Amino acid sequence: RRGDESNDDSSRFGRVVELIFDSKTKGLRSARFQCFDLDSTCLTSSIRDTFHVYYYALAGGSDEFLKRIGIDKSSLSSHVYLGLRREVVPDDIAGYARLQSALDVLGLSENEKKRLFSLLGAILRFGDIKLKERLAEREWLPDELVLKLSNRKVESILFPGFVGLLLGQPSMGVPSAGVAKESHDVIECIANLLEIEDVARLEEAIVRRGSLGETRNLIDTIAEELHCQIFNWLVGLCNDVLREDSVSEDRSSVLVVDVKEAEVVAINGFEQLCSNLISESFQRLFWQRLILYEEDLYRSEGIEWNDVEFDDNQPVLDLFLNPGGFIDVINEGSADKLLVESFPSETEHWYPVQDFPSRFGVVHFAGEVIYATNWPEKNRNRIPEAVVSVLESSSCLIVQRLAKNMRWVRGSWDGIEGNDQKTELVALRSGIDALVSRIKATTPHFVRCVVPNRKKDAVVFDRECVLEQIQQYGIVEATQMAAKGYPLRFTHKEFINRFSAIAFD
């Protein structure tokens, strides 16, 4: 679901439902789901609610389940991955019952359902891992020097790079990330839920020799990828249930595509940029189909025509997608403070924010958005080999299947030349291109969702709120196009059949 009274933002995947009809009887024969992972960062974002399924699991799970995943329902405020809504509501209990029923339809056994909910619990617990800074590992130093330093109690000096400088290796003493003492039990819990016997190996794969930011980002990436793979696995089960026994040529299909609109929050970062790039791409598709395509058609048929004026957002997309644009700069991995300086020259569609060197503004079709950069680490979201390997060691067949899919994804990225190709933005651009290409192969129709008010109050119509959306989404221009043009079209045969009675005796 897109969102409801308990969750504004539960669906962040581009979803395509293909409804397959019999061409002769016009009856529905089957359906097929296809997913384009356009943004899974909703799971690890602290500025919005997470996916419905986690609230369902906590609301309907038994005491034994909650004990197994190490979560107390009465104190959910400490669990980061629950986002803004760190509580369960009565609707979540009903949602849990619907989820159980749906899993029964998919043919999951009680044991498989138990393991599935254990996986969801493990994903939530990844957000509870607390990190601390530590000095470089002792084994990097010569034994004699370690002994001298220990005797002189120099290891806790304020300047951690001092030893490295003495040895001519300045990076040796730079602090790296380690697991806080109170989080070792969390990792042990995660290992048990994932049915991984070697807890130390799991911790070593998660907490590598990187900075706090890099390690935190890796943990988030693992959780997001596990969520993605579970989602895709369940979608595959849905398609298995709905698949036709035999495929006939006498069929037609309708695609229903669900993508979210533009997003602006208090602090706009990498996740909001990805979300708004999706919205820009589909707004451009809207302009192409409802305005540009129609105008080209009229001109090709020799119809006298005056163009409808609209705010074309192609220049904004060019800022992101063109060579040397935002995506190329971000993929190069510059430090946040240097990122804005590396962007293309300032235009009417973007500008640096004065006095804030790591912030910049973009004039999107839905309004201006100020972004605070925190991106190079987030953009390099990629599961390391060590993590995939330890997941493959699980005794749970579901986890093994998810790890196998992760390895396939790693292999597909490894086949692309250039490190700048192995990034979240490249994956996002690939997903958008695939979905837009699929839609362009059809005759699209658009349904724009307009909310009556921002507070989600019943029977309240906020005129300014509605007018703003109508203007931003291009509904005014689309209406003008229909009024000026020829929205009702018939084939010659259809026209004769319908109107011949008034034209001929």
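Axes here are lines fitted to C-alpha atoms, for helices over the stretch in contact, and the angles between them run from 0 to 180 degrees between N-to-C directions. Keep that in hand as we walk through this predicted model, in which local features need pLDDT of at least 70, side-chain atom pairs count only at pLDDT 80 or more, and totals for chains, interfaces and linings use all residues. Residues are numbered from 1 along each chain as its sequence is written, and side-chain values use heavy atoms, with hydrogens and water left out.

Let's start with the overall picture. The chain holds 20 helices and eight strands; helices (H or I, at least four residues) and strands (E, at least two) are DSSP runs, numbered from the N terminus. Of its 505 residues, 43% count as buried, where buried means under 20% relative accessible area, exposed over 50%, and partly exposed in between (1.4 Å probe, protein chains only). A contact means heavy atoms within 4.5 Å. Among contacts between residues at least 6 apart in sequence, 68% join residues at least 24 apart.

Now look at helix packing. Two packed helices are described by the angle between their axes and the distance between the axes. Helix α4 (residues 110-126) and helix α9 (residues 212-242) have axes that come within 9 Å and cross at roughly 160 degrees. That angle makes α4 roughly antiparallel to α9; angles under 35 degrees count as roughly parallel, over 145 as roughly antiparallel, 65 to 115 as roughly perpendicular and the rest as oblique. On the α4 side, the residues making this contact include Leu-116, Leu-119 and Phe-126, while those from α9 include Arg-216, His-227 and Trp-233. The contact residues divide into twelve nonpolar, one polar and one charged. For this count, Ala, Val, Leu, Ile, Met, Phe, Trp, Tyr, Cys and Pro are nonpolar, Asp, Glu, Lys and Arg are charged, and the others, Gly among them, are polar.

Helix α4 also packs with α1 (residues 52-60), at an angle of about 110 degrees and with the axes 10 Å apart. These two helices are therefore roughly perpendicular to each other. From α1 come Val-53, Tyr-54, Ala-57 and Leu-58, which meet Phe-117, Leu-120, Ile-123 and Leu-124 of α4. Here the division is eight nonpolar, no polar and no charged.

What lies inside? A nonpolar core is a set of buried Ala, Val, Leu, Ile, Met, Phe, Trp, Tyr and Cys residues joined through side-chain atoms within 4.5 Å. The largest has 61 residues, and those with the most contacts inside it are Phe-126, Leu-194 and Leu-391. Helix α9 gives the most to this core, with nine residues. Leaving aside neighbours within four places in sequence, Leu-391 is in contact with Leu-194, Ile-196, Leu-226, Val-399, Ala-403 and Met-406. A second, separate core of 31 residues includes Leu-277, Phe-320, Trp-375 and Val-436.

Finally, visit some loops. Most residues other than glycine have a negative phi. Lys-26, in the loop between β1 (14-22) and β2 (28-36), has a positive phi near 65 degrees, and Lys-26 counts as exposed because its relative accessibility is 62%. Glu-195 has a positive phi near 60 degrees and sits in the loop between α7 (184-193) and α8 (199-206). At 21% relative accessibility, Glu-195 counts as partly exposed. Trp-305, in the loop between α10 (270-300) and α11 (314-321), counts as buried at 13%.
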